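Here's a quick briefing for anyone opening this structure for the first time. Take a look at it, then read on.

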Amino acid sequence: MIRQVAGTIFIFIGVGFDFLGVLGLIRLPDVYNRLQAATKCVTFGTAGLLLGVFILEGFTSFGFKALLGIAFVFLSSPVAAHAISRAAHRSRVPLAPETVVDMYKADRDAKS
Amino acid sequence: MKVIRWGTGLLILGALGYLNFFVLQAPLLVSLINVCLFSALFVLYRVVRGPSSADRIIAVDILGILIIGMLALLGRFYKQGFFMDIALIWALLSFIASLAFAKTLEGRRIDD
């Protein structure tokens, strides 16, 4: 009973965070802002959803595969986000007009 | 103008949530899968109308992570284990595809 309730709550939190992250992907003004909101919220959302599925299933093969999925999403998603943002900055995607400071560009100008 | 836009958006979202969770006579997991599919529709909007190609890469990455969660819910609904295998393989391929897209956007070769 407690397992059912806890797993359902985790699945609800995960789906809600997925939806909020996608709303951030729609609404924010800039590539980097969109990347921040979407990656953070979708990583937490999907990890929470898989954790809920693991709690509901218990220690079966399905549950262990869900745990493996959590580990893989946590390992791979920040790496992909970092690579995409670095590539976007290097290919001169413009920042939002409200941007205050851009330290990475100053760094690269000082180095070259 | 801003109030009208926000009001229309919140009204549409509220109506869809009410229809999904209270009118539709379906199990709870089907409603949650519907929320994930609606988020995927938003992501496809960003894929079609992204100003730069970095937006499209981010959107495809987030779409892969959403599909992992949706496959976990589908496997929970149909009570079959092979959905989670598909989710793990999808996570792997999505990660590799994001890295390859980032390298191509930066202007380097894949094997660099």
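**A first look at chains A and B**

Let's start with a loop: Arg92(A) sits in the stretch between helix 3 (61-90) and helix 4 (103-111) of chain A. Keep in mind that this is a predicted model.

**Positive phi in the loops**
- Arg92(A) isn't a glycine, yet its phi is positive, at about 60 degrees.
- Arg92(A) has 9 other C-beta atoms within 10 Å, and 12 or fewer means exposed, so that's what we call it.
- Over in chain B, Lys79(B) lies in the loop between helix 3 and helix 4.
- Lys79(B) isn't a glycine either, and it takes a positive phi of about 55 degrees.
- Lys79(B) counts as exposed because it has 9 C-beta neighbours inside 10 Å.

**Helix 2 of chain A**
- This helix covers residues 31-57, and at 1.5 Å a residue its 27 residues should span 39 Å; the end C-alpha atoms are 38 Å apart, so the two agree.
- Helix 2 of chain A is mostly covered, with 21 of its 27 residues buried.

**Where the chains meet**
- The contact draws on 36 residues from chain A and 36 residues from chain B.
- On the chain B side, the elements giving two or more residues are helix 2 (28-48), helix 3 (53-78) and helix 4 (82-106).
- Helix 3 of chain B gives the most to that side, with 14 residues.
- By type, the chain B side splits into 23 nonpolar, 7 polar and 6 charged residues.

Methods: Residues are numbered from 1 along each chain as its sequence is written. Chains are lettered from A and ligands numbered from 1 in the order in which they are written. This is a predicted model: local features need pLDDT of at least 70, side-chain atom pairs count only at pLDDT 80 or more; totals for chains, interfaces and linings use all residues. Helices (H or I, at least four residues) and strands (E, at least two) are DSSP runs, numbered from the N terminus. The expected span of a helix is 1.5 Å times one less than its number of residues. A residue is buried if 20 or more other C-beta atoms lie within 10 Å of its own, exposed if 12 or fewer, and partly exposed in between; C-beta atoms are placed from the backbone. Two residues are in contact if their C-beta atoms, placed from the backbone, lie within 7 Å. Ala, Val, Leu, Ile, Met, Phe, Trp, Tyr, Cys and Pro count as nonpolar, Asp, Glu, Lys and Arg as charged, and the others, Gly among them, as polar.
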